[in-house]
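Trainee: Could you take a close look at the aromatic ring pairs for me? I would like to follow how they are built up.

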Amino acid sequence: PYDDGFYVAEYFGSGESVIIPASFNGKTVTGIGKDSFSDTGVTFVDIPESVTYIGQYAFYRCNFESLDMKNVKKIDSYAFSWSKLVNLDLKNVTYVGSDAFEYCPITSIKADKLEEIGSSAFENTKFTEAYFPTVKRIGSVAFSNSSLKTAHFDSLEEALRAFERCSIQTIYITNKNEGEID
């Protein structure tokens with residue numbers, strides 16, 4: 001269990017659309033566990049407000065182009081790698097783990113509450129501009145081989161080698177924090 005609730009452990013169905021219940025046997029569903037939907041033919045998932053965590057490889061190589069994250073706060077490593085996500089609204093997400101969205105064809109991203117981006121999290125993505133108002137830390141090569149050209153930050157403190165092997169042209173940092181940016 002996560003946060004005294006249940007995880008979705010594994011999807012055994014054959015349907016392309018999945019509705020995750022907010023509770024099961026009287027316990028709140030709070031997480032989507034490791035490998036739960038990886039390599040399935042799922043094209044739509046309805047995540048309830050109760051889910052705050054998405055585990056490693058949870059949606060690895062899934063076929064949906066968008067997903068409503070609702071109240072998710074933490075996305076673990078490789079959670080959506082190689083998925084077909086195009087539009088990404090991270091709403092309440094504060095942490096994105098390493099390689100979480102690598103090789104996704106994401107063309108637009110919204111991340112109003114995101115604070116930390118793991119290494120290679122957005123490697124080989126397609127969005128060209130992003131505004132990260134609350135991001136403080138970015139892992140190494142987070143945007144490697146991505147199409148990112150312009151990035152805006154208001155709270156950035158650390159970004160060692162984050163833009164290595166990236167087509168970045170302009171980085172706007174408007175915060176007054178002292179940190180290490182490389």
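Mentor: Happy to! The count comes to 19 aromatic pairs, where rings of Phe, Tyr and Trp (its six-membered ring) pair if their centres lie within 6.5 Å, and planes under 30 degrees apart count as stacked, over 60 as edge-to-face and the rest as tilted. Take Phe59 and Phe64: their ring planes stand at 75° with the centres 5.5 Å apart, so this pair is edge-to-face. Phe59 and Phe64 are both buried (under 20% relative accessible area; exposed is over 50% and partly exposed lies in between, with a 1.4 Å probe and protein chains only).

Now turn to Phe80 and Phe101, whose planes are at 5° and whose centres are 5.1 Å apart, so the pair is stacked. Phe80 sits in the loop between strand S7 (74–75) and strand S8 (87–89), and Phe101 in the loop between strand S9 (95–96) and strand S10 (108–110), so the pair ties together parts 21 residues apart in sequence. Strands here are DSSP runs (E, at least two residues), numbered from the N terminus. Phe80 and Phe101 are buried as well.

Ring pairs also link residues into a cluster, with Tyr11, Phe37, Phe59, Phe64, Phe80, Phe101, Phe122, Phe127, Phe132, Phe143, Phe153 and Phe163 as its members.

Please keep in mind that this is a predicted model: local features need pLDDT of at least 70, side-chain atom pairs count only at pLDDT 80 or more, and totals for chains, interfaces and linings use all residues. Residues are numbered from 1 along each chain as its sequence is written, and side-chain values use heavy atoms, leaving out hydrogens and water.

Conventions:
Helix = DSSP H or I, 4+ residues; strand = E, 2+ residues; numbered from the N terminus.
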